[in-house]
Structures are given as C-alpha cells and as structure tokens.
Amino acid sequence: MPRRSPLVIGHRGAPGYRPEHSRSSYDLALEMGVDAVEPDVVFTADGVAVVRHENEISTTTDVAARPEFADRRTTKTIDGRDLTGWFTEDFTWSELATLRCRERLPQLRPRSASFDDTQPILRFSDLLELVRRAGLDQGREIGVVLEIKHATYFGGIGYDVASLLAAELAAARWDAGQLPLIVESFEQTALTQLRDRGIRARYVYLLEAAGRPFDLAARGGATSPTYAAQLTPAGLDRLAAEVDGISLDKKIVLAEKGGRLAGTSPVVAAAQERGLEVYTWTCRPENAFLARPFRRGRDKAAFGDWEAEWTAIADAALDGVFVDHPDLGVDFFRH
C-alpha cells in the first residue's frame with residue numbers, strides 16, 4: 001500500500017456521488033485517486049461473495065419492485081436484530097445478477113439516486129479485477145479494504161466464511177501479498193479465521209462507539225466484552241498482539257462535550273504507541289453525518305463545516321480515513 005499518511009480509502013467507492021457498491025461508484029473513486037476502496041462482502045445461496053452493505057437488500061436494490069421475488073420477503077434475526085426484507089443468502093448469484101443497484105439514502109443524496117436501476121450488483125471477484133485493472137491503467141498500486149459482514153450469522157447458517165473468501169482471494173491472486181489487501185471486521189473471530197487460512201493481509205478490527213461485538217455476544221451474552229472495554233490499556237495490549245490495526249467510529253476519535261469539540265481521543269496515540277495502525281470512519285461533508293459542532297443550518301443534506309471537522313481528524317495523525325466523497329478526501333488529506 002502506498003505510504004501516504006493518512007491513506008484515503010473510498011468507502012464503498014464514491015457513494016457521495018453514485019449508489020454505493022455500484023460499478024460507477026468504484027470507477028469514480030479510482031479515477032479520483034484513492035489509495036484503496038472498501039467493499040462490504042456478504043454471500044449468496046450458492047456461496048458467491050457479493051458486494052453489498054448488508055445482506056438485507058431492500059434499500060440498496062430494486063428487489064422490492066420485482067414481482068418474481070415477492071415471495072422471498074421474510075423476517076430474520078441478524079446480529080440480534082429482527083429485520084424484514086430480502087436477503088442475499090436466499091438468492092443464487094444468477095438471480096441476484098438480475099437486480100439493479102439503488103441509492104440507500106435518496107433523500108440525502110438525490111444526485112446519486114439519479115443513477116438508480118442502471119447498474120447490476122458486483123461480485124467480490126468483479127471488484128478485485130476492477131481494482132487490478134485500474135492499478136495497471138494508472139501505473140500505481142491500489143488497495144482493497146475487504147470488510148467481512150455478519151460472519152457469525154453466516155457461519156450459523158452453514159457458511160464457511162473464511163474458506164469461501166480465501167478461495168476467492170486465491171483465485172484472484174490477492175492472497176499472497178501480490179497486491180495490497182486489508183481485511184477488516186467488527187468480529188475479530190472472522191479476522192483470525194481468515195488469517196489462519198494463510199491469507200497475507202493487514203488485519204484491522206472495527207470498533208463502534210457503543211455496544212459489543214456480535215461474535216463475542218453470541219458466545220458470552222451480556223457479560224461479553226464491550227467495544228469500549230477493548231480500548232482500555234489492557235484491551236489495546238491484547239489487540240496489539242493479535243491484529244495489525246483498529247478502525248474507530250469517528251465518534252470515538254472526536255471527543256465532544258456540551259456540544260463543543262473537546263479534542264481528539266487519546267486512544268489514537270495509545271494504540272499507535274503499541275504498534276497498531278489506526279483508521280477512522282466515515283468522513284462525510286453533509287450535516288447529517290458531521291459532529292454537532294460542525295453542522296451548519298437545519299438541512300441535513302447540506303454541507304456543513306466539514307473542513308473544520310476533517311482538520312481535527314487530520315490533527316489526530318491517523319493512518320487512514322474512509323471517505324464518501326473521494327475527490328474531497330484526496331484533496332484535503334494530501335495537502
């Protein structure tokens with residue numbers, strides 16, 4: 001991976017401008033010069049890894065408008081939450097390939113929604129080839145940040161997630177360090193299992209601002225460690241021995257107090273002192289996503305004082321940032 005600080009990662013491509021995880025979203029991010037792109041990966045009924053934000057796809061595809069799939073609508077419990085909709089694991093790849101991508105947040109991003117229903121879903125293998133070709137065309141190495149979604153859930157219904165991903169990475173020649181690869185998950189178990197399959201990558205643990213990881217909750221219930229407990233000195237000591245980095249919810253990095261920015265969290269420096277890389281997600285300019293001190297006006301879709309928020313993030317000296325608007329991210333964090 002290019003040694004810029006921080007790495008600028010196209011979060012699901014360029015979803016500030018195109019429906020997330022669509023071909024045009026990734027094409028645009030790559031054209032805008034990101035160091036890497038980040039696909040979320042879930043699975044089909046026949047074990048194909050596909051690029052979707054969640055396995056429930058009613059808000060990111062046109063499946064609800066497809067009468068031939070009306071009977072697939074169902075309710076499932078995913079990571080402890082009941083969800084009703086259509087799920088990738090109830091479709092074969094050939095069926096999913098007939099669907100078209102849609103903007104997940106059309107009220108906030110109507111420009112992106114204008115591209116609805118024009119592009120098919122991507123397989124993970126499609127995305128790997130797209131990035132490889134872009135790197136060759138541009139004469140530079142471009143990385144992939146693979147996020148494994150709902151690994152415990154998929155494991156519980158019979159999928160060997162690590163073996164499926166290892167096979168796809170090996171087939172695409174992304175398994176042995178030939179091209180830059182980061183693997184991330186909110187479930188450390190998934191990282192360990194893929195590393196045990198011999199996949200050479202940097203392994204990064206995602207941490208939320210609240211709650212607990214589902215893999216640990218599935219084993220230990222309400223007594224399992226929270227995300228916060230893993231950011232204590234003892235928790236960071238353990239993580240430093242087991243993963244290469246951590247990726248923090250932006251709420252953890254930007255400490256607020258009384259509606260004002262109170263600085264950046266000391267956990268960033270504490271983790272880096274232990275040899276961990278530290279990333280944050282997600283840098284977005286719209287008021288809806290900015291910390292309160294940086295919102296301007298009441299229009300959630302309007303851009304607030306994103307430059308001030310991103311300055312505070314830059315001051316935290318992170319190793320990588322995830323962005324929805326790659327042109328803004330590349331320009332801001334590289335200069």
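Which residue in E6 is the bridge partner of Thr74? Please begin with that pairing and carry on from there.

Reply: Happy to! The bridge partner of Thr74 is Gly85 in E6. Please keep in mind that this is a predicted model. Strand E5 covers residues 74–78 and strand E6 residues 81–85; the two run antiparallel and are joined by five bridges.

Two residues lie between the strands of this hairpin, where Asp79 takes a positive phi near 50°. Most residues other than glycine have a negative phi. Asp79 is not a glycine, yet its phi is positive, at about 50°. This residue lies in the loop between E5 and E6. Its relative accessible area is 25%, so Asp79 counts as partly exposed.

His150 lies in the loop between E7 and H5. Here the setting is buried, because the relative accessibility of His150 is 10%, and buried means under 20%. In the loop between strand E7 (143–148) and helix H5 (151–156) we also find Lys149. Lys149 has a relative accessible area of 7%, so this residue is buried as well. Leaving out residues up to four places away in sequence, Lys149 touches Asp40, Val41, Val42, His53, Glu54 and Phe154.

One of those contacts leads on to the aromatic rings: Phe154 belongs to a cluster that ring pairs build from Phe43, Tyr153, Phe154 and Tyr159. Phe43 in turn is in contact with Leu165, as are Val41, Ala49, Phe124, Leu146, Ile148 and Leu194, again leaving aside neighbours within four places in sequence. The largest nonpolar core has 103 residues, and Leu165 is one of those that touch the most other members, together with Phe124, Leu194, Ile246 and Leu248. Helix H4 (residues 124–138) gives the most to this core, with six residues. In soluble globular proteins, nonpolar side chains tend to be buried together.

Back to the aromatic rings: the model has 13 aromatic pairs. Phe186 and Tyr227 form one whose ring centres are 6.4 Å apart and whose planes meet at 75°, so this pair is edge-to-face. Phe186 lies in the loop between strand E8 (181–185) and H7, and Tyr227 in the loop between helix H8 (214–220) and H9, so the pair ties together parts that are 41 residues apart in sequence. Both of these residues are buried.

That brings us to H9 itself (residues 233–242), where Gly235, Leu236 and Leu239 are buried. Down the axis of H9, the buried residues fall within an arc of 95°, so they line one face of the helix. They pack against helix H7 (188–196), strand E9 (202–207), strand E10 (245–249) and helix H11 (267–273). The face turned away from the buried side carries the exposed residues Pro233, Ala234 and Ala241.

Most peptide bonds are trans. The bond that joins Trp281 and Thr282 is cis, with omega about -5°, and Thr282 lies in strand E13. Strand E13 (277–283) is among the elements that cover the buried residues of H13.

Terms used: Residues numbered from 1 in each chain as written. Predicted model: local features only at pLDDT ≥ 70, side-chain atom pairs only at ≥ 80, totals over all residues. Heavy atoms only, no water. Helix = DSSP H or I, 4+ residues; strand = E, 2+ residues; numbered from the N terminus. Buried < 20%, exposed > 50% of the residue type's maximum accessible area, 1.4 Å probe, protein only. Contact = heavy atoms within 4.5 Å. Pairing = 2+ DSSP bridges. Arc of directions from axis to C-beta. Phe/Tyr/Trp six-rings, centres within 6.5 Å; stacked < 30°, edge-to-face > 60°. Core = buried A, V, L, I, M, F, W, Y, C linked by side-chain atoms within 4.5 Å.
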